[in-house]
Amino acid sequence: MNFCSNCGAKVDPGSKFCTNCGARLEEVQNTVPSDQQVMQQVPNNQQEMQQVPNNVHQVPSTRSHNSFKNNDFVNKAVDWVKKNKIASVIAVVVLLVLFVGGYKYHQVHSSVLYGTEVTLNSDHTGYISSDSLFALDKKIAIVVAKKDGISNEIIKSISESASADDLADKINDENENDTDDKIEKYTEDLEDLQNTDLTISPDTDLIPGKKVVLKFKDQETANKLKNEYGINVHPVTVKVKGQE
């Protein structure tokens, strides 16, 4: 077997030039190539081994591809933050303000007290009108009814009540006709939850348009509404209405 003395590649007997490196072969010897010459052939052999037959289907790794894309995105984001420190701080502050503001907005507007009105007395104190108290009681009555498993027909009847007396009459009528004691339990539950006292703060030197905070006076009742019935009892800020 002949080998090229320049690169160590195999050559055919009688060849004048190496087909691998192009060197003249006058000095070609029928010897085994040196270790260095053999090593020069390794990259070519490795490339041949890495070739995949046409009949083998390679499935790309989606996870690796996505990880690369995600890492690239993170790296770009980190680079942007480093280059724009002031803008990054402002962005974080804005996000915090939006989050806190949105949370407070939700707390207030989902409170059972939201919509309750405070009216000005002649002595510049505030009071809650009977209509506002009825609206509050009806909200509580509907939520408690759903929790106690009262039928949708009765709940609809309660929601259509036009006054506090009308609401009480409908509940009492259902209580008298009830056969499974649900209405009786419901009535007992409402006795502890409705007609609760509310506090107005401040409650002196009020004028129309002044903002006051409205909340439940009895914390035990508030906790029961919140914990047992999932009712939001968060205090609300309302503007005082003028005298009626």
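In the predicted model, serine 201 stands opposite valine 213 in β6. Serine 201 belongs to β5, where the side chains alternate between two faces. The pairing of β5 with strand β6 (residues 211–216) is antiparallel and extends over four bridges. Within this pairing, threonine 199 has lysine 215 of β6 as its bridge partner, and isoleucine 200 has leucine 214 of β6.

Leucine 214 also has a bridge partner in β7, namely valine 236. Strand β7 (residues 236–241) and β6 pair in the antiparallel sense, again over four bridges. Both pairings are part of an open sheet of five strands, ordered β4-β3-β7-β6-β5, in which the pairing is mixed. The edge positions are taken by β4 (126–127) and β5 (198–201); each has a single partner strand, so one side of each is left without a neighbour in the sheet. Strands of a sheet pair through backbone hydrogen bonds, in either a parallel or an antiparallel sense.

Histidine 124 is placed in the loop between β3 (118–120) and β4. At 39% relative accessibility, histidine 124 counts as partly exposed, because the value falls between the limits of 20% for buried and 50% for exposed.

Two helix pairs were examined. Two packed helices are described by the angle between their axes and the distance between the axes. For helix α4 (residues 130–147) and helix α5 (residues 152–159), the packing angle is about 175 degrees and the axes are 10 Å apart. The two helices are therefore roughly antiparallel to each other, as angles over 145 degrees are assigned to that class. On the α4 side the contact is made by Lys138, Ala141, Ile142, Ala145 and Lys146, and on the α5 side by Ile155, Ile158 and Ser159. By class, this contact of α4 with α5 comprises five nonpolar residues, one polar residue and two charged residues.

The second pair consists of helix α7 (residues 182–193) and helix α8 (residues 219–229), whose axes come within 10 Å and cross at roughly 140 degrees. These helices, α7 and α8, are therefore oblique to each other. Asp189, Asp192 and Leu193 of α7 form the contact with Thr221, Lys224, Leu225 and Tyr229 of α8. The residues of the contact of α7 with α8 divide into three nonpolar, one polar and three charged.

Serine 161 is placed in the loop between α5 and α6 (164–177). At 3% relative accessibility, serine 161 counts as buried, since the value is under 20%. A polar atom of the serine 161 side chain lies 2.8 Å from the backbone oxygen of isoleucine 158. Isoleucine 158 is also one of the α5 residues in the contact with α4. When residues up to four places away in sequence are not counted, serine 161 touches Phe134, Lys138, Asp166, Leu167 and Lys170. Among them, Lys138 is also one of the α4 residues in the contact with α5.

For the protein chain as a whole, eight helices and seven strands are present. Of the 244 residues in the chain, 27% are buried. Among contacts with a separation of 6 or more, residues 24 or more positions apart account for 57%.

Note on methods. Residues numbered from 1 in each chain as written. Predicted model: local features only at pLDDT ≥ 70, side-chain atom pairs only at ≥ 80, totals over all residues. Heavy atoms only, no water. Axes fitted to C-alpha atoms, helices over the stretch in contact; angles between N-to-C directions. Parallel < 35°, antiparallel > 145°, perpendicular 65-115°, else oblique. Contact = heavy atoms within 4.5 Å. Nonpolar A, V, L, I, M, F, W, Y, C, P; charged D, E, K, R; others polar. Buried < 20%, exposed > 50% of the residue type's maximum accessible area, 1.4 Å probe, protein only. Polar contact = N/O pair within 3.5 Å; in protein donor to acceptor, adjacent residues only side chain to side chain. Pairing = 2+ DSSP bridges.
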